[in-house]
Amino acid sequence: MALSAQEREQFLAEPHIGALAVDAGPGRAPLTVPVWYDYEPGGELWLLTGAESKKIELIKAAGRFGIMAERQEPSVRYVNVEGPVTRITPATDEQHLHMVRRYLPEEKVEAYLRVAAELGEQVVVAMRPEHWYSADLGAL
């Protein structure tokens, strides 16, 4: 059964691992990779990625991307959202810290940030949700 607008937005706002999909060009399937993302109902969805990554190269070329988030318990549920890129900006330390705290327990945050510092410059990529697909398949 499809989710209501409120249910799908609330679900997307939870800290699921997202599957980012972006056009990889003619003759190629979309690039699909796991990502951390953030979303507030009614707002933009945003994620962090390397300033020189393949993801950002393809996102810039396509001008849009999609995210799919899912869970298995207590019921099989997913939300897929797709839309245009609204901004790409250098990531701040505060944004990076916010994202890490969204996904990791506090005792792991500092260790993660030390490792992440070696990944190089990060950018924020924001998207305005335009097309939604969702379902709750019930308890299986």
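Student: Is Glu 130 buried, partly exposed or exposed in this predicted model?
Tutor: The classes rest on relative accessible area with a 1.4 Å probe and protein chains only: buried is under 20%, exposed is over 50%, and partly exposed lies in between. Glu 130 has 34% relative accessibility, so the residue counts as partly exposed.

Student: On what basis are the residues and values given?
Tutor: Residues are numbered from 1 along each chain as its sequence is written, and side-chain values use heavy atoms, with hydrogens and water left out. As the model is predicted, local features need pLDDT of at least 70, side-chain atom pairs count only at pLDDT 80 or more, and totals for chains, interfaces and linings use all residues.

Student: Which residues are linked with Glu 130 in a network of salt bridges?
Tutor: A salt bridge is a side-chain nitrogen of Lys or Arg within 4 Å of a carboxyl oxygen of Asp or Glu. Glu 130 meets Arg 128 in such a bridge at 3.7 Å, N to O. The residues linked with Glu 130 in the network are Arg 64, Glu 82 and Arg 128.

Student: How many residues apart in sequence are the parts tied together by Arg 77 and Asp 136?
Tutor: The side chains of Arg 77 and Asp 136 form a salt bridge of 2.7 Å, N to O. Arg 77 lies in strand β6 and Asp 136 in strand β8 (residues 131-138), so the parts that they tie together are apart in sequence by 59 residues.

Student: Is Arg 77 buried or exposed?
Tutor: The relative accessible area of Arg 77 is 15%, so this residue is buried.

Note on methods
Helices (H or I, at least four residues) and strands (E, at least two) are DSSP runs, numbered from the N terminus.
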